[in-house]
Amino acid sequence: MTTDGAHAVAIDGLRVVRGGRVVLDDVSLRLPAGRVIGLLGPSGCGKSTLLRSIVGVQIVEQGTVDVLGSPAGTAANRTRVAYATQAASVYDDLSVEENLRYFAAVLGARASDVARVLAEVDLAEQAERQVMRLSGGQRSRVSLAVALLGVPELLVLDEPTVGLDPVLRSDLWDLFHRLADAGRTLLVSSHVMDEATRCDELLLMRDGAILVQATPESLLAQTGARDTEEAFLALVRDRSPAPA
Amino acid sequence: MSVLRTAATIRRVLQQLRRDPRTVALLLVVPMVLLWLLELVFDAQPATFDQIGPALLALFPLVVMFLVTSVTTLRERTSGTLERLLSMPLGRLDLLLGYLVAFGLVAVVQAALASALMLGFLGLDVAGPAWLLVLVAVVDAVLGCALGLFVSAFARTEFQAVQFMPAVVLPQFLLCGLLVPRDEMGAVLEAISWALPLSYAVDAMQRITVEVTVSTRTLVDLVVVIASIGLSVALGAATLRRRTA
């Protein structure tokens, strides 16, 4: 199947098996470009595996994953897709700035990018500090900063706001929207349902399947729920009588 | 392959080493202490020391570099930075050569110091030229790095990586001809010993010990060890996967 230009990601019949367990089964979806898309669901539902499949680092058993018009993981996408894993993937023994300078060199990003992303994640004052001496939240912001280097068209961020203080979390969501306004697509996972309201579009996931894809407003209208948590429960209850 | 990305990786690995001065000190000092101990053990038999000293000068830096390289590259895997790098436009060879050159620089210093100690303070007597002894020691230490890079692909934890040292290096030591000349082993063992790079390293060292001039055989041994480094890196690149389960 071909990807049409309006979609940043097109997935058809994706099936992933990890360690003998089916993690994703027959997932198909389209993600619009230039939006902040939230991927919400409980821990262990397959969010990270779906993100890994889109980045192209996951061995896929069946199905197609097209990202920005090419199959996921192709060489062309390695500068166009940025990825921050859930656990901070940075060098603990280096300083914040040394980490960013190295990843910037690997990406071929401009040297001035380092100062820009440091400001964006509010770590300019910690630039000289060794990552292992930072708090957990600061470490994950270093990892997020790496994903902001260069000019990626799609940012895949696995739980980037976990453990952050509310002010900073709000700043980051503002940053995500500024990036989307500039035409980038952001796919942001979270297991915290109250982050849903900050997204342009939502994917609710459970047990390796997408329950629903909708805007936050239409999701609430559709289910008659007051918040995303309630909407999620309503959707699960709707489906539970069906045989597993 | 990209020179800029390889150079950035070399710089990054050296920066990491600089943050860990104790490891660097151990890397440089441990082979020297072991060689000194060897000289003390053979204090009453200086001829034996002259005979086996060069071979152990080939072995000790190799063991130390093997361990440090395999654990460091494994740490890259477990910290998630390997997966991140492989999702970026970094060539697999950029990464491996970055490690090889950075640790190779340490190996050069280490082997040079150990050789200087042997030839100077410990009074090792070799017939051949000293520069060749140093060169073989350096190449062997780099071989240790290359083997460490390769086997770390097969380890999932640091415990496993450490176990690869006795599994990969000690059989080579037993078969390299230092304990029993290789042509006096069984035919099967001798054949196996021809396939192991340490045999060539030790052969080269033993020739330098007794031959005044540089023989073609010594140079061939050296070329085989260098080719083994290339082969280990190529196999290491082949086993590095951008996609994992």
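What share of the 244 residues in chain A is buried?

1. Buried residues come to 46% of the 244 in chain A. Buried here means 20 or more other C-beta atoms within 10 Å of a residue's own, exposed means 12 or fewer, and partly exposed is in between, with C-beta atoms placed from the backbone. For chain B, the buried share is 44% of its 245 residues.

2. Some housekeeping: this is a predicted model, where local features need pLDDT of at least 70, side-chain atom pairs count only at pLDDT 80 or more, and totals for chains, interfaces and linings use all residues. Residues are numbered from 1 along each chain as its sequence is written, while chains are lettered from A and ligands numbered from 1 in the order in which they are written.

3. On confidence, the model has an ipTM of 0.88 and a pTM of 0.89. The mean pLDDT (the predictor's confidence in each residue, from 0 to 100) is 90 for chain A, with 96% of residues scoring at least 70. Within chain A, helix α7 (residues 228-239) is lowest at a mean of 83, and α2(A) is highest at 97. Chain B averages 91, and 100% of its residues score at least 70. Its lowest point is helix α3 (residues 46-78), at a mean of 89, and its highest is helix α1 (residues 3-18), at 95.

4. Now the folds. Chain A has seven helices and ten strands, whereas chain B has ten helices and zero strands. Both kinds of element are DSSP runs numbered from the N terminus: helices are H or I with at least four residues, strands are E with at least two.

5. What about overall dimensions? Chain A has a radius of gyration of 18 Å, which agrees with the value near 18 Å for a compact globule of 244 residues. Chain B, with 245 residues, also has 18 Å, and that agrees with its own globule value near 18 Å. The radius is taken over C-alpha atoms, and the globule rule is 2.2 Å times the number of residues to the power 0.38. The C-alpha trace of chain A spans about 55 × 40 × 35 Å along its principal axes.

6. Contacts next: two residues are in contact if their C-beta atoms, placed from the backbone, lie within 7 Å. Looking at contacts with a separation of 6 or more, residues 24 or more positions apart make up 80% in chain B and 67% in chain A.

7. Where the chains meet, 23 residues from chain A and 23 residues from chain B take part. On the chain A side, helix α2 (residues 96-107) gives the largest share, five residues. That side divides into twelve nonpolar, seven polar and four charged residues. Nonpolar covers Ala, Val, Leu, Ile, Met, Phe, Trp, Tyr, Cys and Pro; charged covers Asp, Glu, Lys and Arg; the others, Gly among them, are polar.

8. One spot to look at in chain B is Ala155(B), in the loop between α6 and α7 (158-175). Is Ala155(B) buried or partly exposed? Ala155(B) counts as partly exposed, because it has 19 C-beta neighbours inside 10 Å. Leaving out residues up to four places away in sequence, its contacts include Leu74(B) and Phe164(B). Ser70(B) is 85 residues away along the chain, yet its C-alpha atom is 8.8 Å from that of Ala155(B).
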